[in-house]
Amino acid sequence: MSEARIRRGGTARLTRTTSKGRGRAVKQRSQIDRLIASLPVSEATVQRMASWAIVGIALALAGGIAIMFGLPGMARQGAADLAARAGFEVEKVEVRGVERMDEMPVYNIALGQVDRSMLSVDLPKVREEMLKLGWVKDARVSRRLPDTLVVDIVEREPVAVWQNGGHLQLIDVAGVVLQSVSSGAMPDLPLVVGPNANLQTAGLNKLMENAPALKPMLAGATWVGNRRWDLRFQSGETLSLPEGDKDSASALVNFARMDGVNRLLGRGIVKFDMRDPDRFVLRLPQGLAQDKPEAATNTQPASDGEG
């Protein structure tokens with residue numbers, strides 16, 4: 001009797017335990033069901049989302065392994081080789097916007113790529129190399145399938161010839177050197193002379209805008225002591241201006257007014273000196289100065305508008 005009771009008791013306890021565990025499992029499932037039911041999507045949609053999440057994780061793992069072993073690069077190279085064999089290889093270069101510069105450096109850069117497959121040409125790198133050319137202010141590089149690179153160039157505008165250390169170089173308004181110039185083939189542009197004179201070209205242009213009547217007569221300018229300008233006119237005279245943007249502009253306007261009234265240029269005067277705001281000094285040629293010594297030292301206030 002006692003043995004039977006023990007067995008029955010054990011069985012009863014086991015049954016009670018199993019029923020309790022099943023109850024917890026049913027309770028957990030019911031909570032998940034209620035959570036799914038509360039979502040604003042159907043259960044089928046949730047299952048699809050879960051499936052896609054698993055696929056995404058698997059692809060991410062596969063991509064990480066591929067990157068680790070360099071497979072994307074190999075795939076890109078293979079695609080580039082295939083495209084080249086199919087005729088998608090750089091064979092032509094079309095250059096637009098060039099008027100003054102030599103086009104050969106542009107062709108050399110465009111056709112000098114290690115890999116000339118149309119798919120693998122590094123367009124930003126090609127553009128960066130183009131921008132290193134002195135004449136190129138801006139550039140745009142694009143593909144035209146199956147075999148052409150199109151290069152649109154924006155050229156710099158030459159505004160002067162810079163003479164420094166015995167060298168002549170064509171420059172733009174920002175002082176960028178465009179190319180060398182021979183003394184026998186000088187363009188019809190003002191000559192700026194002196195160290196760093198090229199970097200002052202924009203300031204010189206702004207200065208001459210104060211006297212538009214004199215601007216066409218300017219033959220050249222010398223940047224003196226890295227602080228002021230000596231202007232040389234086509235009629236041969238030199239005008240020494242004071243330091244500072246404001247003072248030099250005021251002196252130039254005053255000189256233009258005096259030249260308009262008394263026609264100072266073209267009368268054989270060697271130099272006009274306006275560095276002193278209170279004195280206007282004229283220097284005559286050697287022989288004429290000896291005949292008329294007072295003419296070589298003739299001075300007047302620069303503000304009275306008379307020569």
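How many residues lie between strand 8 and strand 9 in their hairpin, and which residue in the turn has a positive phi? Hello everyone, let's start there. Three residues sit between the two strands, and the turn residue with a positive phi, of about 60 degrees, is Gly 225.

A quick word on what we are looking at. This is a predicted model, in which local features need pLDDT of at least 70 and side-chain atom pairs count only at pLDDT 80 or more, while totals for chains, interfaces and linings use all residues. Residues are numbered from 1 along each chain as its sequence is written, and side-chain values use heavy atoms, with hydrogens and water left out.

Strands pair if DSSP finds at least two bridges between them.

Strand 8 covers residues 218-224 and runs antiparallel to strand 9, with six bridges joining them. Val 224 stands opposite Arg 228 of strand 9. On to the next partner: strand 10, residues 238-240, is also antiparallel to strand 9, and three bridges join these two. Here Leu 231 faces Leu 239 in strand 10. Strands 9 and 10 form a hairpin as well, with four residues between them, and Gly 236 in that turn has a positive phi of about 105 degrees.

Is strand 9 enclosed or open? Buried, for us, means under 20% relative accessible area, exposed means over 50%, and partly exposed is in between, using a 1.4 Å probe and protein chains only. Five of the six residues in strand 9 (residues 228-233) are buried, so the strand is largely enclosed by the rest of the structure.

Now for the rings. Rings of Phe, Tyr and Trp (its six-membered ring) pair if their centres lie within 6.5 Å; planes under 30 degrees apart are stacked, over 60 edge-to-face, and the rest tilted. The structure holds five aromatic pairs. One of them is stacked: Phe 233 and Phe 255, at 6.0 Å centre to centre with 15 degrees between the planes. This pair links distant parts of the chain, since Phe 233 is in strand 9 and Phe 255 is in helix 7, 22 residues apart. Both Phe 233 and Phe 255 are buried. Phe 255 also pairs edge-to-face with Phe 280, at 6.5 Å centre to centre and 65 degrees between the planes. Phe 280 belongs to strand 12 (residues 280-283), 25 residues away from Phe 255. Ring pairs join Phe 233, Phe 255, Phe 272 and Phe 280 into a cluster.

Staying in helix 7, residues 245-262, we also find Ser 248. Ser 248 is buried, with a relative accessible area of 8%. Its side chain reaches the backbone oxygen of Asp 245 at 3.1 Å. Ser 248 and Arg 275 are 27 residues apart in sequence and 8.5 Å apart in space, C-alpha to C-alpha.

Last stop: Arg 156, in the loop between strand 3 (148-155) and strand 4 (158-164). Is Arg 156 buried or exposed? Arg 156 is buried, at 19% relative accessible area. Leaving aside neighbours within four places in sequence, its contacts (heavy atoms within 4.5 Å) include Arg 100, Trp 135 and Asp 172.

Notes:
A polar contact is a pair of N or O atoms within 3.5 Å; within protein, one must be able to donate a hydrogen and the other to accept it, and residues adjacent in sequence count only if both atoms are side-chain atoms.
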